[in-house]
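Subject: Handing over a structure with a ligand

Dear colleague,

I am passing on the structure below, and I would be grateful if you kept it open while you read the notes that follow.

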Amino acid sequence: MSEQIIIIGSGVSGLTTALTLQLLGYETAIYTEKTITDISNKNGHPEFASLFPSASIIPHSVYSNQLEKLFKRSQYIFYELRKLAFPGITINKHYELWESEPNRPDYCNWMLNFEAVSNTEIEKLPHRPVVDKLYGWSFNCIFADWSLYLPALLHTYLQNGGTIRQQKVNRETISDLPAEIIINCSSTGSPYLFDDPSNKQLVVRGHLLHKADAPLLTNSNGEIVSYNYTPKAEIYSDSKGKAADVYCYPRKDGWILGGSRQVGTLENEEWQVSEDYYEIDGIRFPKQIIDLNSRIINTFFETELSIKNELTPSVGYRYIRNKKNGLRLESETVANKKVIHNYGHGGAGVTLSWGCALAVTSHVNNNSADENKQTLLKEIQQ
Ligand SMILES: Cc1cc2nc3c(=O)[nH]c(=O)nc-3n(C[C@H](O)[C@H](O)[C@H](O)COP(=O)(O)OP(=O)(O)OC[C@H]3O[C@@H](n4cnc5c(N)ncnc54)[C@H](O)[C@@H]3O)c2cc1C
């Protein structure tokens with residue numbers, strides 16, 4: 001017997017969770033204020049994060065005490081989807097490089113083909129021409145080529161019998177929703193819909209530039225190369241003076257150049273703004289996204305990047321909630337319904353999408369009397 005479950009939100013979290021439940025045999029419906037298909041000016045909706053991701057499968061800018069488990073499950077499913085030729089999933093040789101010695105994040109242990117860089121071969125690494133010592137590593141990194149992957153996810157959900165209803169849900173109307181189980185994937189909408197125990201609601205704003213029709217960047221082995229590069233703090237830093245990174249992710253539709261990580265709050269939208277900026281189409285973004293990336297790209301890949309190129313800027317919010325355990329993945333009872341929260345993914349909502357969807361299905365299945373579903377889920381999670 002199928003049971004109806006309502007998912008609030010149709011970003012990557014809502015779609016992935018709804019698809020997973022639908023594939024497990026539940027009848028699902030997504031209720032959403034906005035969908036990816038009805039947005040023409042994404043800069044008018046910076047809070048709808050799924051319009052923006054780059055999207056590397058790396059747990060950057062996210063805070064969770066379940067990170068390893070969630071990441072590894074997601075990574076596994078992305079690799080399986082790639083084997084099945086699901087649209088948009090690619091693998092790059094990805095470099096994370098610093099001019100000063102960094103702390104080594106835990107995720108270094110979870111990446112395939114991880115390798116520390118060696119300065120004896122600095123000419124083989126993306127770098128500023130004046131630099132002769134670098135720290136960091138490379139690994140095989142999955143990318144979800146966004147203009148291909150997200151529409152395919154939506155299509156797969158609809159093809160498997162899922163339904164989407166465009167409707168804003170309010171705090172007062174939750175009790176009227178026609179399902180006993182509600183999955184909350186409304187991201188920045190969440191603190192307005194439910195009581196949120198976090199005493200902070202932090203958002204990290206990010207600037208991106210899209211350069212259309214740019215070539216794939218490759219190394220001498222023919223591998224597609226992408227990078228995050230952090231120079232010394234005097235070259236590029238955040239408002240607290242901490243060294244900041246720029247990046248370039250080549251995709252089929254051109255390059256995605258970043259970045260910035262400007263911390264503000266959801267309520268006040270007060271941003272730490274750099275004084276060193278360029279402006280395109282009324283959007284100001286840190287100069288180094290062009291200047292530093294251009295020095296690296298012009299030297300290492302012998303191809304051009306300049307402010308004179310045709311570039312499309314965008315700016316969106318990564319909703320981290322707080323820096324302790326910002327990802328909210330838990331259930332509670334609201335208006336006599338079981339509500340399972342899945343939000344606060346910061347800069348890693350794509351990265352963790354499948355792991356979080358499986359965690360949600362565990363919460364749902366704890367309620368379900370259907371032994372087949374419980375067995376199937378246990379098999380997937382192993
Ligand atoms: C610049 C930038 C770069 C990024 N790069 C990466 C990356 O490389 N890798 C990565 O993994 N992640 C990246 N991210 C993060 C990623 O984009 C987000 O974590 C992810 O998109 C969050 O998805 P979501 O579905 O949880 O939320 P959202 O995409 O924000 O979707 C929320 C949904 O809820 C709906 N909603 C809200 N309130 C209501 C309501 N009251 N009623 C009904 N519906 C409602 C909205 O309409 C929307 O459909 C990046 C983000 C930014 C901004």
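In sorting residues by class, Ala, Val, Leu, Ile, Met, Phe, Trp, Tyr, Cys and Pro count as nonpolar, Asp, Glu, Lys and Arg as charged, and the others, Gly among them, as polar. By that scheme, the shell around the ligand holds 14 nonpolar, 19 polar and five charged residues.

Please keep in mind that this is a predicted model, in which local features need pLDDT of at least 70 and side-chain atom pairs count only at pLDDT 80 or more, while totals for chains, interfaces and linings use all residues. Residues are numbered from 1 along each chain as its sequence is written, and side-chain values use heavy atoms, with hydrogens and water left out.

The ligand

The ligand is surrounded by 38 residues, of which the closest are Ser13, Ser50, Ser56, Val169 and Thr351 (a residue is near a molecule if one of its heavy atoms lies within 4 Å of it). Polar contacts, meaning pairs of N or O atoms within 3.5 Å, include one in which a polar side-chain atom of threonine 32 lies 3.0 Å from an oxygen atom of the ligand. A backbone N or O atom of valine 169 lies 2.9 Å from a nitrogen atom of the ligand, and for serine 54 a backbone N or O atom is 3.4 Å from a ligand nitrogen atom. The protein covers 95% of the 1000 Å² of accessible area that the ligand has on its own (by the Shrake-Rupley method with a 1.4 Å probe).

Two or more residues of the shell come from each of α1 (12–23), β8 (202–211) and β15 (312–321), and β15 gives the most, with three residues. Helices (H or I, at least four residues) and strands (E, at least two) are DSSP runs, numbered from the N terminus.

Helix packing

α1 also packs against helix α3 (residues 146–159), at an angle of about 40 degrees and with the axes 9 Å apart, the axes being lines fitted to C-alpha atoms over the stretch in contact and the angles running from 0 to 180 degrees between N-to-C directions.

Backbone details

Most residues other than glycine have a negative phi, and most peptide bonds are trans. The peptide bond from serine 54 to alanine 55, however, is cis, with omega near -5 degrees, and alanine 55 is found in the loop between β2 (27–32) and α2 (67–83). Serine 61, in the loop between β2 and α2, has a positive phi of about 50 degrees although it is not a glycine.

With best wishes

Notes: Polar contact = N/O pair within 3.5 Å; in protein donor to acceptor, adjacent residues only side chain to side chain.
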